[in-house]
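Me: I would like to go through the charged side chains of this model. Could you take me through them?

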Amino acid sequence: MYEERHGYAIMQFIEQATNGRLILGAGSLYGALNSLEKKGWIKITDISDKRRKKFLITEQGKEIAKQECMRIKDLSMFAEKIIGGK
């Protein structure tokens, strides 16, 4: 899943991977990509076509993503306890 993609391919991937539950507009996506790049969580890997920059997650970005997954799992477990689940 960690393969380089250009912005439009990222939009398509997210929509497909979430079965259409998450659809990003271009403004939201490119704003997020700029922010992630500034933080060092992704990097531009190909700028041969200025209209289609390719991005790839960095090692730091992978670590942040893992931490965020753990945070979300913890929140989900907490929510289950509140509603009387597991």
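Reply: A residue is called buried under 20% relative accessible area, exposed over 50% and partly exposed in between (1.4 Å probe, protein chains only). By that scale E3, at 49% relative accessibility, is partly exposed. This is a predicted model in which local features need pLDDT of at least 70 and side-chain atom pairs count only at pLDDT 80 or more, while totals for chains, interfaces and linings use all residues. Residues are numbered from 1 along each chain as its sequence is written, and side-chain values use heavy atoms, with hydrogens and water left out.

Me: How many salt bridges does the structure hold?
Reply: There are 3, a salt bridge being a side-chain nitrogen of Lys or Arg within 4 Å of a carboxyl oxygen of Asp or Glu.

Me: Which residue forms one with E3?
Reply: R5 does, with the closest N and O atoms 3.7 Å apart.

Me: And is R5 buried or exposed?
Reply: R5 is buried, at 17% relative accessible area.

Me: Over which ring does the charged end of R5 sit?
Reply: The ring is that of F13, whose centre is 4.1 Å away. The criterion is NZ of Lys or CZ of Arg within 6 Å of the ring centre and within 35 degrees of the ring normal.

Me: Changing topic, where do E68 and R71 lie?
Reply: Both are in helix α3, 3 residues apart, about one turn of the helix. E68 is partly exposed at 32%, and R71 is partly exposed at 42%.

Key
Helices (H or I, at least four residues) and strands (E, at least two) are DSSP runs, numbered from the N terminus.
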